Amino acid sequence: MRTSYGYETATATVTLTPAKNDSMKNSTLALMGVTGGLMIAEMSIHNILLGGLMIGAAMVIALPKQANYLFNNFDKVQRKYGVNLYAILFALLAVIFVLDFASAPAHAQFFNNAQTWMKDAFKDSGGNDTQIGQVIDLFFNVLRGLFLLYVGISLVRIIQAARNDEDWQSLSRTPLIIVLAVFVGDIITGLIVNVS
């Protein structure tokens, strides 16, 4: 029985020239720098890093010789200890960004404008206004609870599918579409009812 059909298989290996490798490394560092700069700008809006940045800039200005030595020997330190200091600094900045984002008050209740509008609209409809307000609060809180339960259960199913090497991407489409629909619905409701 013939198992070889005479086709020759050729393996190709790609090696980057030093110039192309350096350009890819520089573009990655540039993207990390832009992202880090945007994170710092967002955090400075919350005034969490503005003082730290001002102190760091003052230290660089006050100690130019030491700062220049540190910046010039950055690559030597990386090679000596075998660590990527850019990745460590970027990860540290990302952790600070997440902590800053998580410490800000969320006010993340969706359909909050619709709830406020409905309570104001049905306040004068005759009847006890505290009961109507409680029913409206109950309705929107049950809606939020059901949404959070659905998202939580879907997230567990997606993680389980990813761990079992199944197609988790098709499972994540429906919850993502529903989250997007709720988000857009909340924005449109806020535009329609215009509660200030």
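1. Residues 138-159 are 100% helix and 0% strand, with their end C-alpha atoms 31 Å apart. Helices (H or I, at least four residues) and strands (E, at least two) are DSSP runs, numbered from the N terminus. Residues 171-193 are likewise 100% helix and 0% strand, and here the end C-alpha atoms lie 34 Å apart.

2. The model is predicted: local features need pLDDT of at least 70 and side-chain atom pairs pLDDT 80 or more, whereas totals for chains, interfaces and linings use all residues. Residues are numbered from 1 along each chain as its sequence is written, and side-chain values use heavy atoms, without hydrogens and water.

3. An unreviewed UniProt entry lists "transmembrane region" for residues 45-63, 83-102, 138-159 and 171-193; such annotations may be inferred rather than shown by experiment, and the positions follow the numbering used here, with feature names shortened.

4. The whole structure contains 1 salt bridge (a side-chain nitrogen of Lys or Arg within 4 Å of a carboxyl oxygen of Asp or Glu). Lys-119 and Asp-137 form a salt bridge at 3.3 Å, N to O. This pair links distant parts of the chain, 18 residues apart: Lys-119 belongs to helix H6 (residues 112-121) and Asp-137 to helix H7 (residues 129-163).

5. Leu-191 lies in helix H8 (residues 168-193). Leu-191 counts as exposed because its relative accessible area is 66%, the classes being buried under 20%, exposed over 50% and partly exposed in between (1.4 Å probe, protein chains only).
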